[in-house]
Amino acid sequence: MPKILLCFFIFCVSAWARNFVIADENLKLCKSDERCKNILLHYANFMNQIQEKDFMLKLELINDYINSILPRYDNFYKPNVDIWSTRGEFLRSAGGDCEEYAITKKESIKDLGLKNRQCLLIVKEKKTSRYHMVLAVWKNLKSEPLILDNLSFRVLPLSARYDLEPSYCLTSGKYYKIAKDGINLKELNIRMTSYEALLKKEKKEKFWKN
């Protein structure tokens, strides 16, 4: 009887698992670039492989996988222009700036069915005073967020990132600041052109077939 129940449980989990398939419209944007197509197909395979992993392992695997893509900095390719690319644009071009890593991790986590609070977190690097973007993900609403950073393969709680000072938290089209307790959010009345443009592009993007 226990074996039958175990088999039934495994069958149910497999039946509910999503099959990630790249949309034809997405692949067509690669045109004749086979490397572009391979990156998209490899990513879909990766998503299929990890969807039944536990919460923390999902975060670690997503962080590792996306961080393995080489960066392409806006200030090098397009001086004085800060364009935030969608996940599709990032993967098809095989690289991006820190924003694209955070954006792609955000979309990956959402598509894997995790409902946890997450935000694109703009931080200030204490040593250089430069601004940087990471992804913040809350395991629950009583704990501080975990940080997924393209400059680190370790997923650490915000309090362990002594090198970063959180500035703005962007999620669901709204703007927040992380409260002094390091957990809660306070809404801000601001607007960022790059984020607003990203939201419009994300609504139009057809990434998956289903």
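How many nonpolar, polar and charged residues does the lining of the second largest pocket have? We are looking at a predicted model, where local features need pLDDT of at least 70, side-chain atom pairs count only at pLDDT 80 or more, and totals for chains, interfaces and linings use all residues. Residues are numbered from 1 along each chain as its sequence is written, and side-chain values use heavy atoms, with hydrogens and water left out.

Now, the pocket. By class, its lining has 9 nonpolar, 5 polar and 8 charged residues; here Ala, Val, Leu, Ile, Met, Phe, Trp, Tyr, Cys and Pro are nonpolar, Asp, Glu, Lys and Arg charged, and the others, Gly among them, polar. The volume is about 400 Å³. Of the 22 lining residues, Lys106, Glu107, Lys110, Gln118 and Glu202 lie nearest the centre. Helix 7 (98-111), strand 1, strand 5 and helix 8 (193-204) each supply at least two lining residues.

For the pocket terms, we use a 1 Å grid over the protein atoms alone: a pocket is an open set of points where a 1.4 Å probe fits, with protein on both sides within 12 Å along at least five of seven lines, and lining residues have an atom within 4 Å of a point. Volume is the space filled by probe spheres on points joined across faces, edges and corners. Helices (H or I, at least four residues) and strands (E, at least two) are DSSP runs numbered from the N terminus.

On to the disulfides, meaning cysteine sulfur pairs within 2.5 Å. Cys119 is joined to Cys169, S to S 1.9 Å. That pair links distant parts of the chain, 50 residues apart, with Cys119 in strand 1 (residues 118-125) and Cys169 in strand 5 (residues 164-171). The other disulfide pairs Cys30 with Cys36, sulfurs 2.0 Å apart. Both links are left-handed, at -110° about the S-S bond for Cys119 and Cys169 and -60° for Cys30 and Cys36.

Are Cys119 and Cys169 buried or exposed? Both are buried, that is, under 20% relative accessible area, with exposed being over 50% and partly exposed in between (1.4 Å probe, protein chains only). Cys30 is buried too, at 5%, as is Cys36 at 3%.

Last stop: Asn116, in the loop between helix 7 and strand 1. Asn116 counts as buried because its relative accessible area is 19%. Leaving aside residues up to four places away in sequence, Asn116 touches Phe55, Val137, Trp138 and Lys139, where contact means heavy atoms within 4.5 Å.
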